[in-house]
Amino acid sequence: MAHYAFLDDKNIVTDVIVGIDETELIEGKDPEAWYSEFRNQVCKRTSYNGKIRKNYAGIGFTYDSERDAFIAPKPFDSWELDEDTCRWVAPVEYPTDGLIYAWNEDSLDWEAVIYDNQTAE
């Protein structure tokens, strides 16, 4: 089975489905063409491993026809698109000290996430 993303008129993903294998034809048509006609909406194949169109499509992602890639919504204004992976990258590298971090757009840096370790009595 293969996965297919449906796009609105602005190339935003509105739905992702599991469909027929991409090597099979439906009524003599390749699956993208058949699903596009059936739903009256542009259809593009996507894949979990990123070998097709860079990233697995999700609802709200944009399909960029020039890059032939699905791109997630930009998470923060300061992040830039990596042209090779079509993924958003923070201006500061994620720390590798084993802690969990969250991005702080105000300070433009990663902040360690501190959990309350108290237990209920």
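**Salt bridges and a surface patch**

Modeller: In this predicted model, Asp-15 is partly exposed, with a relative accessible area of 24%.

Biologist: Which side chain does Asp-15 meet in a salt bridge?

Modeller: The side chain of Asp-15 pairs with that of Arg-39, at 3.1 Å from N to O. The two come from distant parts of the chain: Asp-15 belongs to strand β2 (residues 13-19) and Arg-39 to helix α1 (residues 31-39), 24 residues apart.

Biologist: And is Arg-39 buried or partly exposed?

Modeller: Arg-39 is partly exposed, because its relative accessible area is 31% and that class runs between 20% and 50%.

Biologist: How many salt bridges are there in the whole structure?

Modeller: A search of the whole structure gives seven. One of them joins Lys-29 and Glu-37, at 2.5 Å from N to O. Lys-29 is partly exposed at 30%, whereas Glu-37 is exposed at 52%.

Biologist: What about Glu-83, which residue is its partner?

Modeller: Glu-83 forms a salt bridge with Arg-67, with 2.8 Å between the closest N and O atoms. Glu-83 sits in the loop between β6 (80-82) and β7, and Arg-67 in the loop between β4 (62-64) and β5 (69-71), so the pair ties together parts 16 residues apart in sequence.

Biologist: Which residues are joined into one network?

Modeller: Glu-32, Arg-53 and Asp-68 are, through salt bridges that share partners.

Biologist: Changing topic, which residues form the nonpolar patch on the surface?

Modeller: Tyr-94, Ile-100 and Tyr-115 form that patch, with about 330 Å² of accessible area together. Tyr-94 lies in the loop between β7 (87-89) and β8 (101-104), and counts as partly exposed at 36% relative accessibility.

Methods:
Residues numbered from 1 in each chain as written. Predicted model: local features only at pLDDT ≥ 70, side-chain atom pairs only at ≥ 80, totals over all residues. Heavy atoms only, no water. Patch = residues over 30% accessible without salt bridge, like charges linked within 9 Å, V, L, I, M, F, W, Y side chains within 5 Å. Areas by Shrake-Rupley, 256 points an atom, 1.4 Å probe, with all protein chains shown as cover. Salt bridge = Lys/Arg side-chain N within 4 Å of Asp/Glu carboxyl O. Helix = DSSP H or I, 4+ residues; strand = E, 2+ residues; numbered from the N terminus. Buried < 20%, exposed > 50% of the residue type's maximum accessible area, 1.4 Å probe, protein only.
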